[in-house]
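Have a look at the model first.

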Amino acid sequence: MESSFEANLDYLKKTLGHLPDIVFKKMHAGQPGIDVAMVYLSGIADTGMLNEHIVKPLIATGIRERHPQINPEKLKEELIQQTAFTISTKEAKDIETCVIEVLSGNTCLLIEGNDEFFVVSTGKFPLRSVEEPSTETLVRGPREGFIEDLESNLAMIRRHIKDLSFKIDKIRIGRRTSRKLAVLYISDIANPKLVQEVKRRVESIDVDDASDTGIIEQWIEESSWSPFPQIQASERSDKAITALMSGRVVILLDGTPFALIAPMTFWMLAQSPEDYYERFPLGTFFRLLRLTALFIATFLPSLYVALISFHPGLIPPELVISIVSSREGIPFPVFVEALIMEVSLEILREASLRLPKGIGQVIGIVGGLVIGQAAVEAAVVSAFLIIIVGLTAIASFASPQYSGSIGIRLLRFPIMIIAAIYGLYGVILAFIFLGAHMVQIKSFGVPYMSPLAPIRLRDQQDTLVRVPFKYLKKRPLMLKTQDETSANRKRR
Amino acid sequence: MPNLPSSKQEKISTIQALLTVTSTVYAVAIVSLPRTIAEQTQTPDVWQGLLLASLFGLGAVFINVKLCQRFPGKTFYELNSVIAGKFISLLINIAFMVYCVMICSVVSRMMAEFIKALALERTPVSMILLPFLLLVGYLTSGGLQAMVRLVELFFPLTFIVYLLLIILNINHFDLDNLRPVFHQGWRPIFKSLQVVPFSALGFESMLILTNFMVNPQKAWKAGGIGYSIAMALYVLMVTMVIGCMSVEEVSRLQWPVVSFAQQIEFPGAFLERFEIFFIILWTIKIFMTAANYYFYLVAGISQLTQKWNGYIYYLPLIFIFALSMYPQNFVVMGNMDKVSGYFGMIICAGVPLVLLLISMVFRIRGNPDGKP
Amino acid sequence: MIAFTFRSRRIVSVRKCIAACVACAFLTGCWDSKEIDKLSIIQGVAIDTNQDMLELTYQHLIAQKSKKNTYTNVTTLDNDSIQAASRDQAKLVSHAPLYNFIRLVLISDQALKKTRIDELLDTFTRSYKPSRKSLVMIVKGNAKEALTKLGKHKDMPAFDLEELAANSVLNSKIPRKTRLGEVSIHISQGTDFIIQRLVTNESNQLAGAALVSGTTKKFVSWVNEKDVIGINWMLGSSKGSIIKVEDPKTKQHMVFEVEDAHSKLIPHVNGEDLSFTVRIKTDIKLNETSVVSAELLKEPFIRTAKETVEGEIRQIVLQSLHKLQKEMRADVAGFGRKVKVNYPAYWDQVKDHWQDTFSKIPVDVQVKVQIERTGAYTKGAGA
């Protein structure tokens, strides 16, 4: 018995001893004394917590236990059951996990004569306070966004879900960083096959580090060549909760505020929690508006190129005349002109994104107003194109999904090129291609275009439109949930 | 489950089968169909012939479905070897595949001609065809599921464009253009039956689709309704075109539907020319037709080789490209259209009928549980 | 479960090869790209004759950023081909022509006397570029002259004429606007038809119509305004125009606006005899009156007004019908078509000498008028 204690301690000393702030503290608990050792990193473990929650209970146990021959088994029981040993502990059997726990800032407690270790969560890291998410702001709705700490994020979700079947499965990701990753689902809603598949894929990730869920996303998605996001990323806790309620699986990673929601469909690019918080006509209107914006952001520049340099006959003559007069003296073909403007717009966006907020606005004014105005006056680009480019830019920001909208922004350029070769025919080919591509990709077995292709009539009530909640009683059919009804179960 | 590598072990729903049948019905014919019929009849009796042809087509759908239902879990490619034996079935399969190649080529070439005439005058036909065919190949690489889903996705769009075309022309409609009915008896109608059946092709999809369905017993419903929708749209269009422009005018126009679209005055005048808009959106419909036939072809090849890879679904495009580039002018194209029409009649209606009769007489049936 | 069979797609080498080939092919592309500012927008066409030659005038639009848009007319000649004359413009104009915006085709009566209308319009309808919606007008005298006259609102001539034609619904002395597509249908059917007639003096003016024969497809004669009114009634296209009548008792005038008009040509075949009933139904509204002692809402006034208007319309229609049958021998209202539709067997007997038959058919005109509104006043000043 004793040898195992010593051996473990030696092992820990050997593996962790080189760290400058490692502490091995040996204590005697009780009168004859049982050897107890605490192993922690003084740099990241909270010593106050250590004193309060480990040392004190140990001493207290020792005092109370007047029995001359203290039993290690009993000590353990005493520690767990009768003292103020309240913060979360884990019993571990594998010394390797113990090493990782110590490296994560927790304290490992070894007790003589016991094969098990206590892992006491003493890790304390600087935390950001909970703020409104900066990428997905809403006018109406909760302002709670995830932060970098996994436990706080779990707390945020847990606070709102008091359901027995709410399950959190934790695994560690990253060969060298060993980050915590949590897979969240509601076990009697979510399809078990889906949960199993998510876990299988997450577990199969073998990387040194995954510093954001973006990396996880790209490891577990089905079509890595697609420009479309196949898993939804969100900072909003309410979005995660809604997703759980509809039978989806949420993945949280320690160190990033972005949660992953799987499976995702194309139509989620145009959906925002606000659709549910506002009354249903508004929700429906917003969705259609966002889809239109997505369409504009993808196709407007190429439609412009196609119409102006291939089929001017399609435009009403009055408009043609004003376009022709606005293009007077411009040296470039429409395609080149549009390309220049689109690229400079992207540069402008990228530049203002990286700068501090104050300067970013200045860049916006200089770039947008001054350069735009000057370019039109110097007859480099036509005023009409500025309208088109501006409209495209605004439309591309209308999607509530940031990663979706950047994918779409990228698509604009190849479509513009094909439009410059084939005109409107090229645009329609690009449209067919996108269609053919999107019907082929899947997100965790759910077709990306569902519930429109394959058509699921029941899911139509919450896809393009959002019907009043009175009629919205069923969970999405495409997710093949176990519990299909979400509201008004007893209505008869 | 049909033993087809291309199926990816997934079945299609009744509504998917229905829409696929609708979209397989030969989409290019509609553009010139009013003329080809009016040329033959020279009287306003255009729709009766088409109606007769669609009844005939419905019959063919019925034959195809019944044949497939006798052999659960088998496609047309598989079941005919059970009935006719290895060698003859090989011949039938190859004939069916050749037919698919022909239709696919004709459809693609016609599409390229429309685009060239109306939108891209100086672009070579080959360059119009190339990206189109590659897209067909790309879609086919996704297998049956991708194809039927695309049909579902785009069907509403083409349907709306089609209806828009008809609705916006409604003020040009004059009933006098459709009268008198039957004043020369049945002769002109029978005359029109010489040309109409080609546009009624499309029922052969049921040969392939029936046993991919989740509920093959609903195949007749899906095929029948799907086919009827397509033919109803055809009859509607032909009637409208004649009703708006009169038989005399229509029989002179190369593509009456294009001229029909041209005379639309779009409300609000934000779209000056409806016909280019129509033809370009119609490309989607033609794409679906071409993709469906191409899939039937590729399904056959994968059946023969028991493989499913890039060679299978991209290489046949070369044949289609070559064949669709072959016609030098509209005369050759018309002939090709005619030949593939006759060929299709034999392969898709005649042969299944014979096979069905044989299997009924000799009581040949597949395993009822669908296991091969 | 089927939907949860997972597979990731590999990029096969075949695809890479194809992609490379396609990329090479496309690099040669942009076959059809034309810069819109390097094109010359053509708005209107005028066809004249010049000493046995066809004279073609295109109105090219010049769009300018700072100044008002202007136009320039370019005239070319050729023996008999429109297309050849059109291509001759390449020698004169530096921008390639854009035919899609041709909204107006003007034909001089001289040209139409010399050449068939289908020949003149063939190149426009054949190429799919000018729309079938383009307007056709027959010009008395010189057609290219019409393309030089600015409108009253200082619009460019082609635009102005287009609007002018659309505005013609307010006046029944002019036939409804005729589109290229309709001309094409008339040509195919071989029926006589009328087209708006344009007169060019100081400014452009629509006046009456030109009659084009369905058999020769050439210009026959002018149709004066009075006859056009009758034809419009027979075609049921008087909606929006006005009708002026005299009160039988007071001899003062009343003007009604036609709110709705329908006409029906009903053929009757009795053995070998063909007769027609023209049934006209119209709803009118009182717009102006100088009848002093009128109780506008009372039954007697309404009745007399109705009867007067009915008589007037009947009179007009019978007059113009007489002229059409006896003088012009032109069936522009579609009597022949009605016979064909309703009595196909009889039509087969008469279609070869329809012109003679038409000139001899007895026609009965029945008019039914409904007065719907009388405006702000309920009675005249003296009542």
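Among contacts in chain A between residues at least 6 apart in sequence, what percentage join residues at least 24 apart? It's 65%, with contact meaning heavy atoms within 4.5 Å. Keep in mind that this is a predicted model, where local features need pLDDT of at least 70, side-chain atom pairs count only at pLDDT 80 or more, and totals for chains, interfaces and linings use all residues. Residues are numbered from 1 along each chain as its sequence is written, chains are lettered from A and ligands numbered from 1 in the order in which they are written, and side-chain values use heavy atoms, leaving out hydrogens and water.

Staying with chain A, you'll find 16 helices and 12 strands; these are DSSP runs numbered from the N terminus, with helices being H or I of at least four residues and strands E of at least two. Its C-alpha atoms fill a box of roughly 105 × 60 × 35 Å along the principal axes. Of its 492 residues, 54% are buried, that is, under 20% relative accessible area (1.4 Å probe, protein chains only).

Now for the cores, meaning sets of buried Ala, Val, Leu, Ile, Met, Phe, Trp, Tyr and Cys residues joined through side-chain atoms within 4.5 Å. The largest has 188 residues, and A:F266, A:Y425, B:F96 and B:F132 touch the most other members. Helix α13 of chain B (residues 274-305) gives the most to this core, with 20 residues. Leaving aside neighbours within four places in sequence, B:F132 is in contact with residues including A:Y425, A:L429, B:M111 and B:F287. A second, separate core has 50 residues, among them C:I313 and C:Y346.
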